[in-house]
Amino acid sequence: MELVTEDNITDLAVQRWQTAHDPRTAELMTALVRHLHAFAREVRLTEAEWITAIQWLNRTGQISNEKREEFILASDVLGLSMLVVQMNHRLDPAATPATVLGPFHIPGSPELGYGGDMSDGLAGVPLYVHGQIRDLSGAPVPDARFDVWQADDEGLYESQHPEIDEARLRGIYRSRGDGTYCVRTIAPKGYTIPMDGPVGEIMSRTDISHFRPAHVHFKFDVPGYEPLITHLFQEGAEYLDSDVVFGTKQELVVRFDAREPGETPDGGISDVPWVEARYDFVLQPQV
Ligand code: BEZ
Ligand code: FE
């Protein structure tokens, strides 16, 4: 029998986890053991630090529910979510790049027509986001269905308003026959990630900014094309270069142009000043 020592424990644990029935599980678990042990050795982890970390993980689980994903938030602020996105969506440089999903997407949003208003009378400056959905060859993608969602002018998403039980600042849109689309919403603002849980607790002991720059979320699942989860960010917005979840990409930064009252991109009339953002999404065909 081989007795356990500080020197051999990593090899022994790797051997045990190597027996996982599925080869990928064996690969994942043995790598996890190696890296966890290396981490503990590098920092010479104390017992007090070990139990502090266990209790933090415990609180992270306890605060999570179907509306709050504190572990995803932890992954986001550690840069892990964005690393996983980058590795798994190496799209053609001409395609619209992907970014993080974030914890606030709610499936099953109401279907809205061209220029349909997903802000439905909420306070804010009207924003029209419009353009074309194309493929890599420049051909229009008709009838492309996509989700759009964003925070309100207090920086809160629907799921952060427990009292609200109807769709708020989210909708499903489709491109028209020529690939054009038009979303009517309100201009987004930068906002803080939730800081009242274990993630906020540890972040508030650093100098890390806890803000995201103003953005609108988009999610495309169009048959025949790579799925695309992305955002559009307002050019010139605060926090573009310090996004707490590392989600900003230059290609996704667009001009938000102020417009006087008058005709809007959907052919309607706005009685108040509004904002226009033009963006053509480029989807990558599946191979
Ligand atoms: C978001 O953009 O909705 C988001 C992404 C990651 C963490 C928190 C919020
Ligand atoms: Fe967001």
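Does aspartate 280 count as buried, partly exposed or exposed? At 32% relative accessibility, aspartate 280 counts as partly exposed, where buried means under 20% relative accessible area, exposed over 50% and partly exposed in between, computed with a 1.4 Å probe on protein chains only. This is a predicted model, in which local features need pLDDT of at least 70 and side-chain atom pairs count only at pLDDT 80 or more, while totals for chains, interfaces and linings use all residues. Residues are numbered from 1 along each chain as its sequence is written, chains are lettered from A and ligands numbered from 1 in the order in which they are written, and side-chain values use heavy atoms, with hydrogens and water left out.

Aspartate 280 meets the side chain of arginine 134 in a salt bridge, at 2.8 Å from N to O, the term standing for a side-chain nitrogen of Lys or Arg within 4 Å of a carboxyl oxygen of Asp or Glu. Because arginine 134 lies in strand β1 and aspartate 280 in the loop between β13 (274-278) and β14 (281-283), the pair ties together parts that are 146 residues apart in sequence; strands (E, at least two residues) and helices (H or I, at least four) are DSSP runs, numbered from the N terminus. Arginine 134 is itself partly exposed, with a relative accessible area of 23%.

By this rule the count comes to 17 salt bridges. Another joins arginine 184 to aspartate 117, with the closest N and O atoms 3.6 Å apart, and since arginine 184 belongs to strand β4 (residues 180-186) and aspartate 117 to the loop between α5 (80-88) and β1 (126-135), this pair links parts 67 residues apart in sequence. Here arginine 184 is buried at 16% relative accessibility, whereas aspartate 117 is partly exposed at 28%. In the salt bridge between arginine 212 and aspartate 243 (2.6 Å, N to O), the arginine is buried at 4% and the aspartate is buried at 6%. Arg255, Asp257, Arg259, Glu276 and Arg278, in turn, are linked in a network of salt bridges.

Tyrosine 157 lies in the loop between β2 (145-149) and β3 (170-174) and histidine 217 in strand β7 (residues 215-220), so the pair ties together parts 60 residues apart in sequence. Tyrosine 157 is buried at 2% relative accessibility, and histidine 217 is buried at 3%.
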